[in-house]
Amino acid sequence: MILRHINYFLAVAKHKNFTKAAASLYVSQPALSQQIKQLEETLGAPLFDRSGRSVKLTDAGEVYARYAHRALQDLEEGKRAIHDVQNLSRGALRVAITPTFTTYFIGPLVNAFHQHYPNITLSMEEMSQERMENRLLDDEFDVGIAFEGNHSADIHAQTLLQETLALVVNKHHALASKHRIDLSTLNEQSLVLLSNEFATREQIERHCRQHKVQPNVLMEANSLSAVIEIVRHTQLATLLPSNIASKHEELVAITLAPSLLKRTAVLLQRQDAYQSAATAAFIELAHSTAEAISSNI
């Protein structure tokens, strides 16, 4: 059995179709079918049920897929370990982030990282927290920046910083001159919020339920930049980290009292994942950047 067999097997398992799997692998469908047949003969068990309109994994195939996927992850980590340069003169790093960090945290962090390690290729992608954990487990990212919560048992989380959410309005809003308002004042506000696919929205709704607050949500958007633009140009308010408002001259962050909506940001990694020198350096700079931001609040 060779690595090609495993790659071919996982491609068919993913696409549930030999023709589509062959196209994704740039091989002919007969060649792919032959390789899968050889693998099944070697293992002594059928891996796919071909009787329906789509190809399905058999029970044996389901079991083998878990081990095959894990084996490819280990081999990929081995390849990165071989090419990892401890002096950070070259290398690559893959980082996943939840959107609200982009505005005030990622910029300073990336700047510091590039200043220290200009030859490291950095790839960053915004996504929901659930998707982030799944992709960390699939070894598609080295580290994620998200929020504390009920993480998978296979995900390791370490505390990074604490965010405080505030009522954010533009400078012409009726509440713009206020430094602090009661939570009950939210009942009188019309809001634009991030959509339900964001952890921020779920946290806001949970906090409002706990304190019996029912703001009027007139709009929602699936991007942070859209929410900010709506607040800038309308009389709608929003609930976002106070740090975000400090980066926009047109916005004002108003503290919510007596109960502040706080949440803890964390760094996420797959348990027992290989940690490259670039990953270790990024994590160290993330902590120092978080400390600098917290000290300026």
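Reply: Let's start with the classes: Ala, Val, Leu, Ile, Met, Phe, Trp, Tyr, Cys and Pro count as nonpolar, Asp, Glu, Lys and Arg as charged, and the others, Gly among them, as polar. This is a predicted model, where local features need pLDDT of at least 70 and side-chain atom pairs pLDDT 80 or more, while totals for chains, interfaces and linings use all residues. Residues are numbered from 1 along each chain as its sequence is written, and side-chain values use heavy atoms, without hydrogens and water.

Me: How many cavities of 30 Å³ or more does the structure hold?

Reply: Rolling a probe the size of a water molecule over the atoms shows where empty space is left. On a 1 Å grid over the protein atoms alone, a cavity is a set of points where a 1.4 Å probe fits but cannot get out; a pocket is an open set with protein on both sides within 12 Å along at least five of seven lines; lining residues have an atom within 4 Å of a point. Points join across faces, edges and corners, and a volume is the space filled by probe spheres set on them. Here there are 3 cavities of 30 Å³ or more. The largest has a volume of about 70 Å³, and its lining includes Glu77, Arg80, Arg94, Asp139 and Asp142. By class, that lining has 4 nonpolar, 2 polar and 6 charged residues.

Me: And what is the lining of the second largest cavity like, by nonpolar, polar and charged residues?

Reply: It divides into 5 nonpolar, 5 polar and no charged residues. Among those that line this cavity are Pro99, Met127, Phe147 and Phe198, and its space is about 50 Å³.

Me: Now the pockets. Which residues lie nearest the centre of the largest pocket?

Reply: Of the 17 residues that line the largest pocket, Asn7, Leu10, His69, Leu72 and Asp138 lie nearest its centre. The elements giving two or more residues to this lining are H1 and H4; helices (H or I, at least four residues) and strands (E, at least two) are DSSP runs numbered from the N terminus. H4 gives the largest share, 7 residues. The volume of the largest pocket is about 540 Å³, and its lining has 8 nonpolar, 3 polar and 6 charged residues.

Me: What gives the most to the lining of the second largest pocket?

Reply: Helix H7 does, with 6 residues. Both H7 (199-210) and S12 supply at least two residues of this lining, and Glu202, Arg206, Lys262 and Arg263 are among its members. This pocket has a volume of about 250 Å³.

Me: Which residues is Phe105 in contact with?

Reply: Contact means heavy atoms within 4.5 Å. Leaving aside neighbours within four places in sequence, Phe105 touches Ile145, Leu160, Leu161, Ala286, Thr289, Ala290 and Ile293.
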